[in-house]
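Take a look at the model below. The paragraphs after it go from the overall build to single residues.

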Amino acid sequence: MISEKAALLLKQVIKESNIEVKLDNYNFNEDEFYYEFKINNKISENDFKNIEKRIHELDNSLYVKLLRISGVYLDGNANNEMIDRISGKAFENEEKLNEYLHFLEQAKERDHRKIGRDLDLFCFSDYIGPGLPLYTPRGTIIKDELQKEIEKVCRKYGFQKVSCPSLADISLFETSGHAAKFNDELFRVSSPKGHEFVLKPVQCPHHTQIYASKIRSYKELPIRYMESDKQYRAELQGAVNGLSRVYAITVEDGHSFCRISQVKDEVKNMCNLIKEFYTRMGLWNNNWVSLSVRDKNHPEKYIGSKKDWGFCEQILQEVSDELGLNAKRCEGEAALYGPKLDFMFEDALGKEIQIPTVQLDFSTPKRFELSYINECGEKEIPVMVHRAVLGSYERFLVLLLEQTKGILPLWLSPVQVNIIPVNIKYHDEYCKQLKQKLLEEDIRVEYNDEEISMNKKIRNSNIMKNPYTIIIGDKERDNNLISYRKYGSEESVSMPIKEFVNKIKNEIKER
């Protein structure tokens with residue numbers, strides 16, 4: 001395989017210029033290759049061109065592009081030493097390499113980190129720490145609007161909003177099984193007063209306790225909870241990257257408690273919910289579905305009985321068949337407590353990114369001794385169905401920003417209308433009055449009264465990808481009009497203020 005050859009040559013080149021290479025390891029697949037190593041010298045991306053050139057000299061039929069260098073733990077174990085990993089792609093001719101380089105240049109314009117910086121949506125601080133994103137006022141608007149949208153759609157499917165604390169006693173996660181399975185990903189919190197807590201890595205155990213807070217009847221089921229809140233996971237330090245992988249994750253997920261006879265309909269309900277939301281967002285077409293099942297050779301990785309697992313996997317297969325999802329069976333990709341349907345999308349670099357998911361769980365209700373009273377007055381154990389639609393807001397924003405290049409629909413844009421005066425001296429008062437009218441109509445508006453040229457203001461408005469830019473001159477002021485340009489168009493359209501307000505409101509309503 002060409003990737004294996006590239007990995008071995010990369011190893012050779014590193015060893016040529018570094019006598020003492022320790023703890024080295026190489027690996028490869030059809031997509032990429034990488035070499036992990038520990039040396040006394042420091043290698044950076046500035047050295048990549050020389051390394052690529054040397055690899056080609058050693059084998060002139062091989063062309064490589066080194067992609068990144070990152071810190072990883074040896075063998076992926078956080079207890080081991082941190083070493084360097086260089087990753088790259090290999091090509092059999094220069095033409096394919098150049099095609100990929102062109103693709104990378106295009107991808108740079110779609111990189112969510114660049115878009116987030118250019119549009120002032122989020123930032124990071126060394127004082128706060130890596131992997132802990134800070135949302136600016138503009139970014140917070142997007143996040144809040146997404147939350148309103150997903151909650152509105154979820155309510156149609158019977159979900160009720162709940163709110164839980166970010167802390168919990170470790171016993172909660174010991175009972176759920178998360179403490180044993182993800183022990184090295186837990187953030188533990190203590191205080192001088194003797195408090196010992198865990199920052200929640202998931203929300204499902206908390207939701208079980210709302211269900212368990214009172215006696216439930218079969219007539220109440222299904223009971224569906226939804227929540228958007230922070231979760232915390234101690235990812236490998238070298239793995240955090242923009243919003244793609246962070247320590248503090250804002251997660252939208254939900255849980256349904258239902259009877260066995262209701263399970264299939266409940267899963268269908270959630271799959272339809274996912275399809276509706278992503279269709280509304282214009283993201284549905286570019287995806288495929290994984291039926292993630294257990295690795296039968298390693299039952300120790302999972303909780304629950306074989307019988308329950310078999311039933312759950314069969315249910316999900318039937319749902320896939322009946323809804324035409326054509327789910328691809330992926331062995332060993334199941335969750336701790338059950339199989340799942342994962343909806344896979346592509347980011348700007350063509351890499352798969354999983355966001356929505358539906359997961360069946362017979363184990364957690366048993367572990368927490370959840371029950372409901374059936375028609376005969378007897379206790380029965382409910383089934384728990386986990387679902388994430390928007391999922392991680394951070395990961396969803398990666399997908400959204402990279403798919404749209406930051407050109408957001410009107411309803412989601414941080415600034416919906418930007419007002420620019422031709423001359424502040426003569427048009428300032430009218431612009432201020434217009435801004436106030438739009439604010440009263442609940443339209444997000446900015447008025448650019450900077451002491452710079454009108455053309456530069458228009459250019460800046462386009463850079464910020466504002467959907468509508470209003471330009472106010474004598475004609476507009478004297479006739480109580482506005483003139484606007486829509487993003488991406490040079491056409492100027494004039495109309496009365498009331499007509500413009502109605503136009504904006506209708507566009508927001510229609511999504």
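Predicted model: local features only at pLDDT ≥ 70, side-chain atom pairs only at ≥ 80, totals over all residues.

Residues are numbered from 1 along each chain as its sequence is written, and side-chain values use heavy atoms, with hydrogens and water left out.

Start with the whole. The protein has 16 helices and 24 strands. Helices (H or I, at least four residues) and strands (E, at least two) are DSSP runs, numbered from the N terminus. The C-alpha trace spans about 75 × 75 × 55 Å along its principal axes. Of the 511 residues, 49% are buried. Buried means under 20% relative accessible area, exposed over 50%, and partly exposed in between (1.4 Å probe, protein chains only). The protein exposes about 25,700 Å², and carbon and sulfur atoms supply 46% of that area. Accessible areas come from the Shrake-Rupley method with a 1.4 Å probe; for residues, only the protein chains shown count as cover. Contact means heavy atoms within 4.5 Å. Among contacts between residues at least 6 apart in sequence, 68% join residues at least 24 apart.

Now the interior. In soluble globular proteins, nonpolar side chains tend to be buried together. A nonpolar core is a set of buried Ala, Val, Leu, Ile, Met, Phe, Trp, Tyr and Cys residues joined through side-chain atoms within 4.5 Å. The largest nonpolar core has 78 residues, and Tyr278 and Leu341 touch the most other members. Helix H9 (residues 263-280) gives the most to this core, with 8 residues. Leaving aside neighbours within four places in sequence, Tyr278 is in contact with residues including Leu283, Trp284, Ile355 and Leu399. A second, separate core of 20 residues includes Val13, Phe33, Phe37 and Ile43.

Tyr278 also belongs to an aromatic cluster with Phe277, Phe345 and Phe396. Rings of Phe, Tyr and Trp (its six-membered ring) pair if their centres lie within 6.5 Å; planes under 30 degrees apart count as stacked, over 60 as edge-to-face and the rest as tilted. By this rule there are 17 aromatic pairs. One of them, Phe91 with Tyr100, is tilted, at 5.3 Å centre to centre and 40 degrees between the planes. Phe91 counts as buried at 10% relative accessibility, and Tyr100 does so at 14%. Phe187 and Tyr247 make an edge-to-face pair, because their planes stand at 80 degrees, with centres 6.1 Å apart. This pair links distant parts of the chain: Phe187 is in strand E9 (residues 187-190), and Tyr247, 60 residues away, is in the loop between strand E11 (223-232) and strand E12 (248-258). Phe187 is partly exposed at 28%, whereas Tyr247 is buried at 11%.

Which part of the chain is largely enclosed by the rest of the structure? It is helix H8 (residues 204-211), because 6 of its 8 residues are buried. They are Cys204, Pro205, His206, His207, Thr208 and Tyr211.

Finish with a glutamate. Glu151 is in helix H5 (residues 137-156). Glu151 is buried, with a relative accessible area of 9%. Its side chain joins that of Gln147 in a polar contact of 3.0 Å. A polar contact is a pair of N or O atoms within 3.5 Å; within protein, one must be able to donate a hydrogen and the other to accept it, and residues adjacent in sequence count only if both atoms are side-chain atoms.
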